[in-house]
Amino acid sequence: MVALAAGGAVGTGFVAFIAVLGIIPRLVQLTKTVHLLIFYEWATILGVLCGSWLGSYGFPLHLHPYLLGLIGLFYGVFVGMLAAALYEVLNVFPIIARRINMEGRLRSLMTAIIFGKIFGSIYYWVIFF
Amino acid sequence: MEKTIYLRLRHRIVVEPQAKVRLPQIAIIIAPERIKAELHDFSIYQIKKEDKNTVVLDAITVIRKILERFPDHEIQIVGPNHTIIEVQLEKKKIPLIFFLCVWLLLFIGSGISIMHFHEDVSMPFVQQKLFHALTGRHVEKSLLFHIPYSIGIGLGMILFFNHVFKKKINEEPSPMEVEMFQYQQGIDQYLLMHENEETTGADSSD
């Protein structure tokens, strides 16, 4: 009973978090597939279920290592979108760009952030830890 | 005889310092033929030095000025009730070095912050566990997993911002552009309330 309640709290919290960041609306907007929204919702729910089950019990699935690269890529895309969404929620960008009169160069500043993330991440995995 | 002048104020215009702002600059005009030429030359506001970089012209000011000149006409305002006049003070060219500094700030900052994030959520531990769960093998680190993950972060951000550098993925504005637009609107709203002589109660009888 306690576990169920705890799960409910965490689950609603997760959904609220995802909703605030607006990743799903963004994907829907990019792919123009509003009518498939329900599937995306279920994909998220199933993902969370599988994730918590895998995390708790985690008996080996014996996947081929190359398949892992693919999973890693999708994993990264999601984290990347999460990071980008956070930048947006924090509202840093419009203010920086205006303060220093660089509206025209917004794009290259965005490139700076993106490359910073990629190199930071690779450095972390290859050398740092 | 037709005596109505219709005006649709523009939301925002940009002018040179010390410029004379003429009516057609701030509004789209529909007026009777005989006064049209005169209206097109009608000077509505003279930018002064103390105006700094923004002036808000209220519709009521515009009406008053026009009525002074054409007392027997009726004026109809269609659309926005204010025009924000932005005085383009000398735009300083941003030195390249300054731009590079900001670029480096963002580059290094975001790079370090993703490392902090990985450390914060114990990513190595989770990924080791995940690797074991998926393949049934124990490894210290698997570059096969980590490199695609790292590139994926970049792809995800590009996807979210809707930019592949110069090229847009589709026609819709990116969240960043919407964000910039909202920020600009917030500033405009603020200016309308604070720079507007009609609403702040300052004397505007000049």
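This is a predicted model: local features need pLDDT of at least 70, side-chain atom pairs count only at pLDDT 80 or more; totals for chains, interfaces and linings use all residues.
Biologist: OK, and how many residue pairs are in polar contact between chain B and chain A?
Modeller: Eight, with both residues at pLDDT 80 or more. A polar contact is a pair of N or O atoms within 3.5 Å; within protein, one must be able to donate a hydrogen and the other to accept it, and residues adjacent in sequence count only if both atoms are side-chain atoms.

Biologist: Which elements give two or more residues to chain B's side?
Modeller: Helices H4 (96-120), H5 (123-135), H6 (143-161) and H7 (175-194) of chain B. Helices here are DSSP runs (H or I, at least four residues), numbered from the N terminus. H6(B) gives the most, with 18 residues.

Biologist: What area is buried between the two chains?
Modeller: About 6600 Å², with 74% from carbon and sulfur atoms. That is the accessible area (1.4 Å probe) that two parts lose on being put together, summed over both. In chain B, Leu134(B), Met157(B) and Phe160(B) lose the most area to chain A, together 11% of what that side buries.

Biologist: And how many residues are in contact?
Modeller: 67 of chain B with 69 of chain A, counting heavy atoms within 4.5 Å.

Biologist: Switching to chain A, where is Val77(A) found?
Modeller: In helix H4 (residues 65-90) of chain A. Val77(A) touches Gly152(B), Ile153(B), Leu155(B), Gly156(B) and Leu159(B), not counting residues up to four places away in sequence.

Biologist: Is Val77(A) buried or exposed?
Modeller: Val77(A) counts as buried because its relative accessible area is 18%. The cut-offs are under 20% for buried, over 50% for exposed and partly exposed in between (1.4 Å probe, protein chains only).

Biologist: Which residues are buried in helix H2 of chain A?
Modeller: In H2 (residues 23-31), Ile23(A), Arg26(A), Val28(A) and Leu30(A). After H2(A) comes Lys32(A), with a positive phi near 55°.

Biologist: How many helices and strands in chain A?
Modeller: Six helices and zero strands. Buried residues make up 33% of its 129 residues.

How values were computed:
Residues are numbered from 1 along each chain as its sequence is written. Chains are lettered from A and ligands numbered from 1 in the order in which they are written. Side-chain values use heavy atoms; hydrogens and water are left out.
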